[in-house]
Amino acid sequence: MELIAEKPLTSYLKKYFGFDSFKGEQEKIIESIMLGQDTFVIMPTGGGKSLCYQLPALIKDGTAIIISPLIALMKNQVDSIRSFCAEDGIAHVLNSSLTKAEIAMVKNDITARKTKLLFVAPESLTKQENVDFLKNIPVSFYAIDEAHCISEWGHDFRPEYRRIRPIINQIGHAVPVIALTATATPKVQQDIQKSLGMLNANTFKASFNRPNLYYELRPKVNAVKEIIKIVRSFAGKSGIIYCLSRKKVEELANTLKINGIKAAPYHAGLDAGTRSKHQDQFLMEDAEVIVATIAFGMGIDKPDVRFVIHYDIPKSIEGYYQETGRGGRDGGEGKCIAFYSYNDIVKLEKFFQGKPVSEQEIGRHLLGEVVSYAESSVCRRKHILHYFGEEYQTENCENCDNCVHPKLSFEGQEYVEQLLDAVMAVKEQFKDKHIIHVLTGNTNSSIKSYKHDELEIFGQGAEKDDKFWMAVIRQSLIAGLLQKDIENFGLLKLTEAGKAFLENPTSIMLTEDHNYEEESDDAEIAVDSAKGGTADPLLFSMLKDLCKKISREKNLPPFVIFQDPSLDDMATQYPLTMDELKQIVGVGAGKALKFGAPFIALIKKYVTENEIERPMDMVVKSIANKSALKVSIIQSIDRHVPFEDIAAAKNVKYDAIVSEIEAIVASGTKLNIDYYLEEVMDEERVEEIHEYFLQAETDSIQTALEELGKDQFTEDDLRLVRIKFMSEVGN
Ligand code: ADP
Ligand code: MG
């Protein structure tokens with residue numbers, strides 16, 4: 001074999017990176033580059049792609065040009081290379097954020113041959129002054145990271161990536177090109193090779209299978225509650241939750257925090273300082289959960305992420321696969337759970353409006369693949385791998401929802417035959433929906449204009465519905481009997497195997513798709529009735545007695561201890577700790593501490609003696625409790641702002657402000673409103689109402705009005721004093 005470097009590659013690996021052996025096909029890939037050949041690497045996230053160009057760059061003469069889409073990613077890499085190669089100027093970034101002096105320094109280091117790796121964004125590469133500069137330096141090779149950005153048919157198209165080949169030609173060194181990506185369907189792979197003019201490249205494709213990842217889809221019903229349950233079941237372990245909007249990220253992170261989970265938000269709308277703080281908290285495990293938009297995770301290398309949840313279904317399988325790929329990098333557990341509702345798909349489709357037609361077409365295509373994945377009851381792993389052009393042979397992966405809870409399968413030979421007949425009958429020139437219309441005999445204008453209602457197959461499959469046929473189409477695609485011509489709007493065509501099947505049909509087992517909308521309805525009802533009807537009447541009456549007993553001891557009316565909705569909730573949830581008690585309706589931290597202990601003791605005793613199985617899920621406290629309005633009211637009261645002014649500033653009615661304050665106090669927060677009472681009522685009247693509530697049976701304002709006399713006091717008077725009373729006595 002040709003000598004490709006002075007020493008064996010493993011000795012460089014040890015010297016520069018401290019690793020003993022190569023991962024996967026790294027060594028073969030590096031050899032290919034060392035031999036000066038164009039090289040194409042398709043390897044899942046975390047597979048170790050960076051090393052494939054970093055190592056040869058360090059060994060080879062000259063500077064390697066690394067093209068990468070994100071400045072943050074480049075910086076990370078430069079920092080890490082500098083940390084193990086102390087040599088001055090070994091790696092640099094060249095981009096528009098540098099000052100003139102910095103650019104001069106970078107260029108100096110390159111000319112002085114100190115720099116082995118130069119990271120550039122494609123925008124910078126295309127600048128004429130940089131092209132001119134690069135013409136005159138020794139370039140060892142070009143590496144194009146995240147190469148899928150070249151293809152419109154991928155999920156992250158960047159037009160400037162299209163210009164890479166022409167620019168490389170302009171710079172004009174006869175050196176190899178290496179393209180790397182973690183996500184490429186067969187169509188995208190072809191685009192990359194064409195655009196980079198490397199159809200003859202040595203191609204290395206690692207398996208995309210991640211056997212340790214568990215895939216599951218759930219109907220999006222009570223998703224927040226479900227998420228809290230999932231996070232709690234991982235007690236203290238790390239996970240990522242993806243949402244599509246910044247607003248949802250903030251909202252969900254807050255809800256998790258209120259429910260006692262250490263969560264931090266991450267999205268592009270936060271300033272850089274906050275973002276890196278939250279990222280560090282996650283890496284250092286001060287935060288268990290990061291709630292993020294897709295902006296999070298690129299270049300993050302946390303090995304022990306135990307769960308990845310998609311609150312919103314992603315826009316493409318590529319996105320889904322990259323994001324789930326951040327789970328279980330150490331080979332340990334990685335649960336990937338996505339919440340799916342067709343409504344979300346409809347919302348995503350709305351985003352396409354107003355975009356150029358080709359972009360819409362591609363966006364819909366990618367989204368259609370997501371729907372197909374979500375609704376299919378075929379092994380998730382098989383489905384994903386098929387999408388990326390890999391056949392997964394195992395019948396049951398035993399690590400996805402569809403394999404763990406398989407749907408009953410049925411003999412599908414007859415249906416597949418009908419489907420393939422229909423595809424042939426329309427001369428392989430139509431998409432899935434049209435084929436379904438032919439099969440079910442749906443006479444619409446398109447069917448009529450092509451005279452497809454005159455075909456023999458027309459209406460032959462009418463006893464089954466559209467959804468059924470869609471499932472047959474998907475499974476025929478996965479079985480390799482049909483193929484979708486992506487470039488031509490997804491026209492369905494028979495493969496060789498499909499033609500063979502038509503000539504000689506054989507048994508093929510199929511399953512029906514999931515129907516999440518139906519499942520959603522059922523689930524909703526189940527949850528509702530569970531919530532409404534399960535308060536334990538015996539415990540409730542015991543709690544009520546306890547309230548009375550304490551009220552007598554403390555000489556307080558029972559309603560200031562806990563009110564009925566709180567007792568009812570306790571009798572449903574059986575809280576056994578202070579933290580759990582604080583989750584109960586109408587119980588804030590103040591109230592829990594002041595009155596909670598004997599209630600917890602009673603519930604504990606009751607649960608043990610009666611061997612109660614507590615409901616798995618605690619009440620989810622919503623952020624509505626701490627809405628922005630409430631927070632700002634509390635702050636205004638601290639600053640002694642009159643209520644009328646608060647109302648004017650917030651542009652709400654006076655009445656609404658008082659209601660908000662009542663709610664704040666009812667949930668256990670102490671508020672001192674004396675400054676305002678002093679202003680609007682005299683002391684004696686306040687005293688009189690206070691006295692009344694102290695001995696009252698109920699906190700009802702109507703009863704109080706009757707007892708105290710309607711001519712003496714207004715409703716507002718009573719409400720204000722009741723706030724003071726509840727706050728002082730109850731909280
Ligand atoms: P990718 O770009 O494919 O997502 P990275 O290049 O970021 O993956 O590498 C993922 C992780 O694997 C990094 O932490 C890297 O240090 C590690 N790694 C790469 N090659 C090896 C190796 N040969 N031995 C051990 N760890 C490796
Ligand atoms: Mg990478």
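**Exercise 1. Classify the burial of Y450: buried, partly exposed or exposed?**

Solution. Start with the value: the relative accessibility of Y450 is 48%. Next, apply the classes: buried is under 20% relative accessible area, exposed is over 50%, and partly exposed lies in between (1.4 Å probe, protein chains only). Y450 therefore counts as partly exposed.

A word on the ground rules before going on. This is a predicted model, where local features need pLDDT of at least 70 and side-chain atom pairs count only at pLDDT 80 or more, while totals for chains, interfaces and linings use all residues. Residues are numbered from 1 along each chain as its sequence is written, chains are lettered from A and ligands numbered from 1 in the order in which they are written, and side-chain values use heavy atoms, leaving out hydrogens and water.

**Exercise 2. Work out what kind of pair the rings of F468 and W469 form.**

Solution. First, recall the rule: rings of Phe, Tyr and Trp (its six-membered ring) pair if their centres lie within 6.5 Å, and planes under 30 degrees apart count as stacked, over 60 as edge-to-face and the rest as tilted. Then take the geometry: the centres of F468 and W469 are 5.5 Å apart and the planes stand at 85°, so this pair is edge-to-face.

**Exercise 3. Find which residues a cluster of ring pairs links, and which lysine lies over the face of F208.**

Solution. Follow the ring pairs, and you will find F208, Y321, Y387 and F388 joined in a cluster. Now look for a charge over a ring, meaning NZ of Lys or CZ of Arg within 6 Å of the ring centre and within 35 degrees of the ring normal. K205 lies over the face of F208, at 5.9 Å from the ring centre. Elsewhere, K302 has its charged end over the ring of F282, 5.7 Å from the centre.

**Exercise 4. Describe the largest nonpolar core.**

Solution. Begin with the term: a nonpolar core is a set of buried Ala, Val, Leu, Ile, Met, Phe, Trp, Tyr and Cys residues joined through side-chain atoms within 4.5 Å. The largest has 65 residues, and those touching the most other members are I65, I144, L196, Y215 and L217. At least three residues come from each of domain 1 (9–205) and domain 2 (213–396), with bounds from an automatic or database domain assignment. Lastly, note a second, separate core of 59 residues, including I584 and L677.
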